[in-house]
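Hi,

Here's the structure I said I'd pass on. Have a look at it first, and my notes on what turned up are just below.

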Amino acid sequence: MICNNVTVNEKGHLSFAGFDTVELAAKYGTPLYLMDENKIREHIREYKAAFLKYFPKGSNPEFASKSFSCKQIYRIMQQENMCIDAVSMGEIYTAKSAGFNMSHCFFHGNNKTDCDIAFAIDSGVGYFVIDNFEEIEAVNLMAKDKGIIQKALLRITPGIDTHTHQKISTGNVDSKFGFAIATGMANEAVEAVLKCENITLCGFHCHIGSQIFESDPFVTAAELMLDFIAHIKTTQNYTADILNLGGGFGVKYLESQQALNLDEKIGEVANAISQKCNELGIAVPKIAMEPGRSIVADAGMTLYTVGSVKEIKGYKNYVSIDGGMPDNPRFALYESPYTVMIASRANDKADFTATIAGRCCESGDIIQNDVLIPKPCRSEILAVLTTGAYNYSMASNYNRIPRPPVVMLSDKGDYIAVKRETIEDICSLDV
Ligand SMILES: *Cc1c(COP(=O)(O)O)cnc(C)c1O
């Protein structure tokens, strides 16, 4: 199977994290997001172990909140002593209300408003990752106002293209994010921030893209960033303490894709960093990374109920489900691949080619095109695998469809982490 938390039980039902998915669908209704708590903790521990093994003391992975944000995930992060990223007041508020230690939070975003900045400082956010010149000034002013010295990193654009999908590739020079090294903007930013009395510059950050399976792009990014760090040390007498290499390690969405060997990849990145620092005659900085997808994606699964099977003879077969782009917009946005199964007949022959369609009034509302599944009928449960990242966190109320609940699966049993939204909830802000 695609991941070791996906199996088939003696009834021929798809089992997830040891739970019968058909039973879970009956208990909670559909559409339903499932999250495997043990898998999340396993990934966090893999990252932490690799960091401990390969990087200098004080190096830390950070969980990228945007991939999956709700109170319970921050409780898990706190229990695992994991750092986090946040990109909005909403994510900061959620983490803080879950009791997360905000000094372990890095605040991202390419357009933080004055309101965001004030809120983040008041919430005790550990680090700002500053994106632009206006923000340097705004953070300095706000920190001064509040009588604090704010720790910060500068987001740097190293200028590489990772050949992933354009909308999720962010390291190229013309990206909307960060200060480009190539144009001299990054130099100027360091100069500007070092003049700020109420900001302590702690280092540099870059993020090159997502769904990256090889270490090479990270190695290239690290080398460019280390060149930059050495250059800044010589020209501005500033030594960066932290180098944050961003997120982006890939996840297996299809059986045909390889699984990532995290320990090996991090080892390769670490080796290259040591070598490069040696060449440049600089100390290895503390390394940070910000995995999102690779922590939560394969910890998630979505269950739906099939409504109709429409065979357009000679053209296409549609299987319509009771969810769609509101709970998973990733095919509509990026044509993201997913593995689809019929939960009640997980061992049956997959010999029916179907396009899995949602129920929005829009032909782009597709979960997957032309997948092979056993031919389902109305009321059967359809499972979409590896939906833990960027599904719940990207969900919308398009067509006024309520968001599904999130049910966590753990050693102690199954429990609700986020309740099912109701149509009354959707109307609750309407005047
Ligand atoms: C999206 C993002 C991440 C996480 O990326 P994944 O592919 O989910 O690991 C980390 N850092 C930044 C700045 C991001 O924008």
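A salt bridge here is a side-chain nitrogen of Lys or Arg within 4 Å of a carboxyl oxygen of Asp or Glu. Keep in mind that this is a predicted model.

With that rule, the count comes to 22 salt bridges. Some of them join up: Glu37, Arg41, Arg45 and Glu80 are linked in a network.

Arg345 bridges to Glu380, and their closest N and O atoms are 2.8 Å apart. Arg345 sits in the loop between β16 (340-342) and β17 (352-357), while Glu380 is in the loop between β18 and β19 (381-385), so this pair ties together parts that are 35 residues apart in sequence. Arg345 is partly exposed at 23% relative accessible area, whereas Glu380, at 13%, counts as buried.

Then there's Lys316 with Asp370, where the closest N and O atoms are 3.7 Å apart. Here the partners are in strands: Lys316 belongs to β15 (residues 316-321) and Asp370 to β18 (residues 366-373), so the bridge connects parts that are 54 residues apart in sequence. Both ends are partly exposed, Lys316 with 24% relative accessibility and Asp370 with 47%.

Glu255 and Lys252 also form a salt bridge, with 3.8 Å between the closest N and O atoms. Glu255 is partly exposed, at 48% relative accessible area, but Lys252 is buried, at 18%.

Leaving aside residues up to four places away in sequence, Glu91 touches Ser65, Lys66, Ser69, Tyr74, Asp85 and Ala86.

Last, a helix pair. The axes of α8 (residues 216-236) and α9 (residues 262-280) come within 10 Å and cross at roughly 25°, which means α8 runs roughly parallel to α9. The crossing of α8 past α9 is right-handed. On the α8 side, the residues that meet α9 are Phe218, Val219, Ala222, Glu223, Leu226, Asp227 and Ala230. Facing them in α9 are Glu268, Val269, Ala272, Ile273, Lys276, Cys277 and Leu280.

Cheers

Note on methods: Residues are numbered from 1 along each chain as its sequence is written. This is a predicted model: local features need pLDDT of at least 70, side-chain atom pairs count only at pLDDT 80 or more; totals for chains, interfaces and linings use all residues. Side-chain values use heavy atoms; hydrogens and water are left out. Contact means heavy atoms within 4.5 Å. Axes are lines fitted to C-alpha atoms, for helices over the stretch in contact, and angles run from 0 to 180 degrees between N-to-C directions. Helices (H or I, at least four residues) and strands (E, at least two) are DSSP runs, numbered from the N terminus. Angles under 35 degrees count as roughly parallel, over 145 as roughly antiparallel, 65 to 115 as roughly perpendicular and the rest as oblique. A crossing is left-handed if the near helix is turned anticlockwise from the far one by less than a right angle, and right-handed if clockwise. Buried means under 20% relative accessible area, exposed over 50%, partly exposed in between (1.4 Å probe, protein chains only).
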